[in-house]
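Some labels given to a structure rest on cut-offs.

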Amino acid sequence: GLNRELSEEIGLEEAFYLNKNNYLFSSITHQGKLVLHFYLREVTIDDYKLIEKKTLESVDYGLEVTGIVRPVLYELPRDRGFHIFIQNQFIGNSLFQLLRSILHANILSLDEINYFINKC
């Protein structure tokens, strides 16, 4: 079901489908009676560009999908950067999912993540 939705929503090609090896964690929202599953898959920069292009060409672009979000994962001059991005309003537990996946993929260390959180 996940891959079918990704195919419909963002035009994901079968070569990039997710499987149980890409599963990272699940979250339970008792109030909303939801179980949310999170998957993580590393791709090459060329594959990423192809996936992003397909997203922009998908039938649901602008309706159910607004594209891929690329957070700035570093500090920028004039007090801008990742700490500003994480102050946005995130739906559900997507901020937690983002931070946990960044940590899991060793993109930023826990100390670096805490640094940005403490700047908020």
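Q: Why is the pairing of Glu8 with Arg4 called a salt bridge?
A: In this predicted model, the closest N and O atoms of Glu8 and Arg4 are 3.6 Å apart. The cut-off is 4 Å between a side-chain nitrogen of Lys or Arg and a carboxyl oxygen of Asp or Glu, so the pair qualifies.

Q: Why are Glu8 and Arg4 about one helical turn apart?
A: Both belong to helix H1, residues 2–10, and they are four residues apart there, which means a separation of about one helical turn.

Q: What makes Glu8 and Arg4 partly exposed rather than buried or exposed?
A: Glu8 has a relative accessibility of 41%, and Arg4 has 46%. Buried requires under 20% and exposed requires over 50%, so values in between are called partly exposed.

Q: Which residues form a network with Arg4 through salt bridges that share partners?
A: Glu5 and Glu8 are joined with Arg4 into one network.

Q: How do you know that Glu52 and Arg70 form a salt bridge?
A: Their closest N and O atoms are 2.4 Å apart.

Q: What parts of the chain does the Glu52 and Arg70 pair tie together?
A: Glu52 lies in helix H2 (residues 45–57), while Arg70 lies in the loop between H2 and strand S3 (75–76); the pair therefore ties together parts 18 residues apart in sequence.

Q: Why is Glu52 called buried and Arg70 exposed?
A: The relative accessible area of Glu52 is 15%, and the limit for buried is under 20%, so the label applies. For Arg70 the area is 55%, and exposed means over 50%, so that label applies as well.

Q: Where in the chain do Lys119 and Glu75 lie?
A: Lys119 is in helix H5 and Glu75 is in strand S3, and this pair links distant parts of the chain, 44 residues apart.

Q: Are Lys119 and Glu75 buried or partly exposed?
A: Lys119 has 28% relative accessibility and Glu75 has a relative accessible area of 37%. Both labels are partly exposed, because the range for that class runs between 20% and 50%.

Q: How many salt bridges are counted in the protein?
A: The count is seven. The protein carries 12 positive and 16 negative side chains, and the centres of these two sets are 3 Å apart.

Q: Why is Gln97 called buried?
A: Its relative accessibility is 12%. The class takes values under 20%, so Gln97 is buried. Gln97 is placed in helix H4.

Q: Which residues does Gln97 touch, not counting those up to four places away in sequence?
A: Gln97 touches Phe25, Leu36 and Phe38.

Q: What makes Thr66 exposed?
A: Thr66 has a relative accessible area of 69%. The threshold is over 50%, so Thr66 is exposed. Thr66 is found in the loop between H2 and S3. Its C-alpha is 8.1 Å from that of Leu56, and the two residues are ten apart in sequence.

Q: What makes a set of residues such as Phe82, Phe85 and Ile86 part of a nonpolar core?
A: Members must be buried residues of the listed nonpolar kinds, joined through side-chain atoms within 4.5 Å. The largest such core has nine residues: Phe82, Phe85, Ile86, Leu98, Leu99, Ile102, Leu108, Ile113 and Phe116. Helices H3 (82–85), H4 (94–104) and H5 (110–119) each supply at least two residues of this core. H4 gives the largest share, three residues. Apart from this core lies another of five residues, including Leu12, Phe16, Ile51 and Val65.

Q: Which residues is Ile86 in contact with, leaving aside neighbours within four places in sequence?
A: Ile86 is in contact with Leu95, Leu99, Phe116, Ile117 and Cys120.

Q: How many helices and strands does the protein have?
A: There are five helices and four strands, in the pattern α-β-β-α-β-β-α-α-α along the sequence.

Methods:
Residues are numbered from 1 along each chain as its sequence is written. This is a predicted model: local features need pLDDT of at least 70, side-chain atom pairs count only at pLDDT 80 or more; totals for chains, interfaces and linings use all residues. Side-chain values use heavy atoms; hydrogens and water are left out. Buried means under 20% relative accessible area, exposed over 50%, partly exposed in between (1.4 Å probe, protein chains only). Contact means heavy atoms within 4.5 Å. Lys and Arg count as positive and Asp and Glu as negative; His and the chain ends are not counted. The place of a charge is taken as NZ of Lys, CZ of Arg, CG of Asp or CD of Glu.
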